[in-house]
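Hi,

Here is the structure I said I would pass on. Have a look at it first, and then read on for what turned up.

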Amino acid sequence: MVDDKIFLPEDEIPKQWYNILPDLPKPLPPPIDPSSKQPVRPEMLEAIFGKELVRQEVSQDRWIDIPEEVREVYRLWRPTPLIRARRLEKLLGTPAKIYYKWEGVSPPGSHKPNTAVAQAYYLMKQGLERATTETGAGQWGSALAFGCMWFGLKATIYMVRASYLQKPYRRVLMQLYGAEVFPSPSDKTDSGKKLLAENPEHPGSLGIAIGEAIEDTLKHQDTTRYTLGSVVNHVLIHQTVVGLESLKQFALIDDYPDVVIGCVGGGSSFSGTFWPFYYERYAAKKAPKPVEFIATEPTACPTMTKGIYTYDHGDTARLTPLLKMHTLGHDFVPAPIHAGGLRYHGDAPTLCLLVNEGIVKARAYTQTEVFEAAKLFTRAEGVVLAPEPTHAVKAVIDEALKCKETGESKTIFFLGCGHGHFDMKAYEDFLEKKLPAYEYPKEAVEQSIKRLKELYPWLDTLPY
Ligand SMILES: *Cc1c(COP(=O)(O)O)cnc(C)c1O
């Protein structure tokens with residue numbers, strides 16, 4: 001009998017991360033400082049991010065050593081299992097083989113600790129004492145709090161006030177890991193105090209929370225740096241442990257994916273999964289099959305399928321440099337009825353480049369479709385997925401049903417990037433039929449990009 005779960009021994013945890021930068025089909029357009037219209041010099045980023053993380057951000061090294069201390073923490077839950085979803089195959093009556101890499105086994109419950117642990121380690125090595133960040137629903141905040149715990153680093157997390165009040169359990173998790181969590185806007189920063197003076201009940205937003213975390217960092221340069229949980233290169237690099245382990249697991253069972261599927265918020269979990277397969281196909285040219293890559297997203301936040309590929313700010317408050325990416329406009333506001341996660345207005349620049357080159361294909365689904373797919377998955381496999389990877393499951397089911405029509409026995413591989421145990425409200429709303437099939441209108445994207453180009457009329461003259 002063939003196993004349903006493919007495990008690796010702990011000494012097979014990768015010793016190096018993979019960096020796609022030297023293997024991209026074109027050079028990555030650099031981040032631009034809107035005041036000078038010039039590429040941002042890496043040294044300028046060192047006031048905000050850890051020094052080694054800035055080095056990795058622009059590194060052209062294909063392989064980057066994983067510090068032994070980081071591997072030691074990874075051993076708590078890595079290598080994660082590759083699981084054959086045999087019961088889902090049976091339920092669908094498909095000849096396809098379906099596998100998923102299961103990151104829901106990490107203690108905070110998602111892929112995010114893969115980078116949080118590494119970032120906390122490098123800040124500690126730099127002699128810093130504290131990491132700051134913002135969090136919305138709390139996935140990234142809880143991963144960072146967990147990461148900091150191992151290296152004696154303090155974590156200060158600015159949590160959007162509306163989430164702080166409505167989603168208390170992730171806040172409790174962060175506090176249990178030892179982090180200090182402030183509802184944002186807070187009275188800890190000048191920007192927060194100003195907003196609270198205007199409205200003591202201010203619900204907050206991710207943009208405001210980012211602003212507070214960065215202000216806190218800039219005011220405490222000797223002890224503190226800011227951290228991000230997605231979008232930037234160094235985060236995607238750390239996530240490649242997912243794909244590198246998967247390659248070894250497929251080799252153990254003498255199989256290989258025809259297609260790799262993931263969901264995209266900022267693009268870190270999907271990139272970490274497909275990059276090593278991309279390396280085998282396009283750089284090393286040793287992939288046994290012409291493996292394809294499918295990125296999925298919500299129609300409520302359709303960056304890759306309706307966004308414009310242009311330079312835009314990474315945040316609402318326009319604190320970040322301009323990044324070349326598929327964007328809905330930095331003033332995008334997610335619809336309040338959207339429960340499917342993945343609410344970021346842009347995506348990782350490397351992923352956008354590959355989407356623009358046609359190497360990664362993008363698909364968008366409504367929240368009704370994805371929660372239907374998730375329900376089917378739970379009833380077949382027993383596992384409750386986070387709302388984000390349910391988008392991948394919808395694409396998996398579509399691909400598997402296509403195989404049923406054609407009789408092909410494709411190997412379909414997707415990333416289960418997290419469990420949904422803290423997301424029961426979304427499932428409850430779905431079961432009570434309170435989640436409409438919402439699509440963000442193309443006109444709203446166009447208007448937002450028009451405002452961006454009024455702000456920076458020189459945007460289209462950049463040579464990238
Ligand atoms: C944060 C998160 C995402 C979205 O981020 P990516 O960088 O696109 O991976 C997706 N799924 C889960 C479970 C998350 O916590």
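Before the residues, one term: "buried" here means a relative accessible area under 20%. With that cut-off, Phe 250 is buried, and Phe 277 is buried too. Keep in mind that this is a predicted model.

Strand 1 pairs with strand 6 (residues 82–84) in the antiparallel sense, over 2 bridges. In that pairing, Lys 5 is opposite Ile 83 of strand 6.

Now the rings. The structure has 28 aromatic pairs. One of them is Tyr 18 with Tyr 279, a tilted pair at 5.2 Å centre to centre and 55 degrees between the planes. Tyr 18 belongs to strand 2 (residues 16–18) and Tyr 279 to helix 13, so this pair ties together parts 261 residues apart in sequence. Both ends are buried: Tyr 18 has a relative accessible area of 0%, and Tyr 279 has 16%.

Back to Phe 250 and Phe 277: their ring centres are 6.4 Å apart and their planes stand at 80 degrees, so this pair counts as edge-to-face. Phe 250 is in helix 12 and Phe 277 in helix 13, so to speak a link between distant parts of the chain, 27 residues apart. 

Elsewhere, Tyr 74, Trp 77, Phe 146, Trp 150 and Tyr 177 make up one aromatic cluster. There is also a charge over a ring: Arg 171 lies over the face of Tyr 164, at 4.6 Å from the ring centre.

What about disulfides, and how many does a search of the whole structure find? The search finds 0. Cys 352 is in no disulfide, and the nearest cysteine sulfur, in Cys 301, is 12 Å away. Cys 352 is also buried, at 0% relative accessible area. Cys 417 is another one to look at: the closest cysteine sulfur, in Cys 263, is 3.7 Å from its own, which is too far for a bond. The cut-off for a disulfide is a pair of cysteine sulfur atoms within 2.5 Å. Cys 417 counts as buried as well, at 6% relative accessibility.

On to the backbone. Two cis peptide bonds are worth a look:

- Arg 78 and Pro 79 are joined by a cis peptide bond with omega about -10 degrees. Pro 79 is in the loop between helix 3 (68–74) and strand 6.
- Ser 184 and Pro 185 are joined by a cis peptide bond with omega about 5 degrees. Pro 185 is in the loop between strand 10 (180–184) and helix 9 (190–198).

Then there are positive phi values in residues other than glycine. Val 231 has phi near 70 degrees, and its place is the loop between strand 11 (224–226) and helix 11 (233–238). Arg 318 has phi near 60 degrees, and its place is the loop between strand 14 (308–313) and strand 15 (322–327). Are these two buried or partly exposed? Val 231 is buried, with a relative accessible area of 10%, whereas Arg 318 counts as partly exposed at 43%.

Ser 106 counts as buried, at 3% relative accessibility. Leaving aside neighbours within four places in sequence, Ser 106 is in contact with Trp 77 and Pro 113. Trp 77 is also one of the rings in the aromatic cluster above.

Cheers

Methods. Residues are numbered from 1 along each chain as its sequence is written. This is a predicted model: local features need pLDDT of at least 70, side-chain atom pairs count only at pLDDT 80 or more; totals for chains, interfaces and linings use all residues. Side-chain values use heavy atoms; hydrogens and water are left out. Two strands pair if DSSP finds at least two bridges between them. Helices (H or I, at least four residues) and strands (E, at least two) are DSSP runs, numbered from the N terminus. Rings of Phe, Tyr and Trp (its six-membered ring) pair if their centres lie within 6.5 Å; planes under 30 degrees apart count as stacked, over 60 as edge-to-face and the rest as tilted. Buried means under 20% relative accessible area, exposed over 50%, partly exposed in between (1.4 Å probe, protein chains only). A charge sits over a ring if NZ of Lys or CZ of Arg is within 6 Å of the ring centre and within 35 degrees of the ring normal. Contact means heavy atoms within 4.5 Å.
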